[in-house]
Amino acid sequence: MKRNSVLLDPTSERASAKRPRLARVSTLDGLTVGLLDISKARGDVFLDRIEERFKEQGVTVKRFAKPTFTRVAPLDLRKLIATQCHVIIEALAD
Amino acid sequence: MSVASTELMIFGKRDCPTCILIVPVLRQLASEGVQFTFYTQDDPAFPEDVPGVVDDTELEQSFRFAIEAVPTMIKVEQGREVGRAVGWKRSEWRLLSGVSDLAPELPEYRPGCGAKNVEPGLAEELAVRFGNVAFGSRSIDLTAHEDDSEACFDRGWTDGLPVVPPTPARVLRMLQGTTRKPGDVVAVVPPDLVECTVEKIAVNAVMAGCRPEYLPVVIAAVEAACMDEFCMHGLLATTWFAGPVVIVNGPIRRQIGMNSGINALGQGNRANATIGRALQLVIRNVGGGKPGGVDRATLGNPGKYTFCFAEDEEGSPWESLAKERGTDEGKSTVTLFAGDGVQGVFDQLSRTPESLSKTFAACLRSVAHPKIAMASDAVLVVSPEHGRVFHEAGWTKERLKQELMMLMLYPGKEMVRGAGGIAEGLPEHFADATIPKFRPGGLHIVHAGGKAGLFSAIIGGWLATGAMGSSAVTREIGT
């Protein structure tokens with residue numbers, strides 16, 4: 001079993017040691033929103049409703065689905081989402 | 001007399017013939033009622049049939065007692081060491097144990113083996129674990145399943161290539177490469193103007209892949225980069241290609257195995273590659289200068305990963321760059337130049353300095369633009385086969401520089417905007433002037449390269465020189 005390891009911070013330490021999250025977008029105007037179904041039960045119902053609401057607001061939506069919720073998304077799917085969407089919403093639980 | 005206050009400690013390991021030799025000694029000590037603790041360094045089951053064996057495979061006690069060789073016997077009284085026998089020395093073991101007829105059948109003396117705690121690479125690990133080593137840098141804890149190399153990418157610490165994860169032991173090892181204290185402030189690093197300590201440089205030098213003996217060179221390079229004349233902030237921020245080019249002179253080149261020969265400006269030599277990279281990582285991580293942030297380069301150049309080489313002083317027809325810049329003989333220096341990539345100079349036919357210098361002048365004219373003058377400095381890297389032409393004709397470096405300056409005087413009317421059908425050029429009021437390509441002192445000449453090839457190289461400079469931009473700076477390398 002590998003031990004927990006420690007690295008020494010090479011930076012000026014002006015930022016938090018925790019990795020920052022990507023900044024949230026302030027508006028969806030002109031952006032494409034991906035809706036990712038992880039293939040858990042009823043995730044599609046939730047995403048259908050989200051899609052409906054976005055379309056009412058004129059937001060561009062693209063749908064994606066993982067083959068199975070038990071594994072991480074395949075690389076090709078991740079690449080597809082990264083190149084086609086600005087924002088992603090995932091339906092996580094059932 | 002308090003028996004309990006006296007303690008006998010013996011350190012050993014199975015992988016040591018002398019330790020195996022003295023196992024009967026331990027049994028004799030036990031049979032005579034001598035209390036002792038045997039700290040085993042490699043095998044908790046060693047030695048068999050001996051009381052008082054303690055597992056020290058983590059090497060904590062070995063580290064604390066600074067064991068250098070095994071077996072070692074230490075006598076402690078009232079918590080203080082009063083005697084130590086290193087290796088098997090019968091007379092000393094008899095004295096320390098108080099058993100006067102100890103092991104008469106053994107030879108008087110057998111040297112021991114190196115202790116496990118002083119094996120290469122282990123000393124720093126143990127110092128970090130048991131030695132209360134304090135670092136100024138923040139610790140970043142990774143989970144057991146986090147890949148340490150990926151963690152460095154994820155945190156934005158790399159230049160795009162993998163780095164060596166800066167563990168405390170590696171940083172401690174790196175710091176042994178300098179006599180300077182870890183907390184010493186070396187420079188204030190742009191663009192964020194952060195005080196940079198020796199330790200922060202060591203952390204970044206570890207990541208760049210440096211060996212500890214390169215650290216003084218990296219420290220000098222950081223000092224030089226942060227000198228006001230070098231203008232590192234502007235160099236970083238410019239849309240132009242340039243970045244710091246590190247040229248090393250003096251005895252340290254050979255001591256740390258730098259390359260000044262074949263492929264001197266290319267890949268493959270650890271010192272060349274990692275010293276230049278460490279400087280860039282300091283600018284990135286400590287200074288906060290990142291591409292797309294303060295670094296606004298339109299195209300950049302591959303030398304911004306690393307661009308560092310040594311001058312071939314031994315094979316040079318001329319005095320070194322360092323000597324020319326006022327450095328005493330025997331000293332080592334870094335000279336930093338705000339340079340672009342490498343532009344090749346081809347001339348396989350010139351056998352006279354007059355002809356070859358004309359080739360150099362023609363090629364140097366194209367630095368930045370043939371119709372732009374006194375805007376960029378340049379470094380001309382003269383190879384051995386080209387250098388020989390000047391050497392055989394007795395041309396000094398100063399002579400070559402003067403000839404090049406004369407050859408690169410251009411009529412203003414060829415240089416002004418619109419001349420030759422090219423909109424770019426100097427302002428119209430230069431039309432009647434004679435224009436030198438480089439400002440005085442703006443052309444540097446160094447010697448490097450493999451012995452075969454009638455080629456030299458031009459490293460063009462940033463389009464902002466002197467007081468309005470960057471000047472080459474030289475800094476002595478300390479210890």
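I number residues from 1 along each chain as its sequence is written, with chains lettered from A and ligands numbered from 1 in the order in which they are written. The model is predicted, so I take local features only at pLDDT of at least 70 and side-chain atom pairs only at pLDDT 80 or more, while totals for chains, interfaces and linings use all residues.

**Entry 1: the sheet of chain A**

I looked up the strand order first. Helices (H or I, at least four residues) and strands (E, at least two) are DSSP runs, numbered from the N terminus. Two strands pair if DSSP finds at least two bridges between them. Chain A has an open sheet of three strands, S3-S2-S4, with parallel pairing. Its edge strands are S3 (60–65) and S4 (87–91) of chain A, each pairing on one side only. Neighbouring strands are turned by 25° against each other on average, direction ignored. For such angles, axes are lines fitted to C-alpha atoms (for helices over the stretch in contact), and the values run from 0 to 180 degrees between N-to-C directions.

I then went through the bridges. Strand S2(A), residues 32–37, is joined to S3(A) by six bridges, and the two run parallel. Thr32(A) has Thr60(A) as its bridge partner in S3(A). Leu36(A) stands opposite Phe64(A) in S3(A). On S4(A), the bridge partner of Leu36(A) is Glu90(A). Five bridges join S2(A) to S4(A), again parallel.

Which helix packs on this sheet? I found helix H1(A), residues 43–56, touching S2, S3 and S4 of chain A. Contact here requires C-beta atoms, placed from the backbone, within 7 Å. The direction of H1(A) makes about 165° with that of S2(A). S2(A), H1(A) and S3(A) form a right-handed β-α-β unit. Right-handed means that, with the strands pointing away from the viewer, the path from the first strand over the helix to the second runs clockwise.

**Entry 2: where A meets B**

I checked the contact next. It takes 29 residues from chain B and 15 residues from chain A. On the side of chain B, the elements giving two or more residues are strand S10 (139–142), helix H6 (148–154), helix H7 (168–175), helix H8 (198–208) and H12. That side divides into 15 nonpolar, seven polar and seven charged residues. Ala, Val, Leu, Ile, Met, Phe, Trp, Tyr, Cys and Pro count as nonpolar, Asp, Glu, Lys and Arg as charged, and the others, Gly among them, as polar.

Strands also pair between the chains. Four bridges join strand S1(A), residues 5–8, to S10(B), and these run antiparallel. Leu7(A) stands opposite Ile140(B) in S10(B).

How many residues of H8(B) are buried? I count eleven of its eleven, so the helix is mostly covered by the rule of 20 or more other C-beta atoms within 10 Å (exposed is 12 or fewer, partly exposed in between, C-beta atoms placed from the backbone). Among them are Val198(B), Glu199(B) and Lys200(B). Gly209(B) follows H8(B), with a positive phi near 100°.

Ala271(B) lies in helix H12(B), residues 270–285. Why does Ala271(B) count as buried? Because it has 24 C-beta neighbours inside 10 Å. Leaving out residues up to four places away in sequence, Ala271(B) touches Tyr214(B), Ile256(B), Gly257(B) and Met258(B). I also took its distance to Ile10(B): 261 residues apart in sequence and 43 Å in space, C-alpha to C-alpha.

**Entry 3: domains and the sheet of chain B**

Chain B is divided into domain 1 (3–126) and domain 2 (149–476). The bounds come from an automatic or database domain assignment. The domain centres, taken over C-alpha atoms, are separated by 56 Å.

An open sheet of five strands in chain B has the order S3-S2-S1-S5-S6, with mixed pairing. S3 (53–55) and S6 (80–86) of chain B are the edge strands. Strand S1(B), residues 6–12, is joined to S2(B), residues 37–40, by four bridges, running parallel. Phe11(B) stands opposite Tyr39(B) in S2(B). Helix H4(B), residues 90–97, packs on the sheet and touches S1, S5 (72–77) and S6 of chain B. Its direction makes about 155° with that of S6(B).

Key
Two residues are in contact if their C-beta atoms, placed from the backbone, lie within 7 Å.
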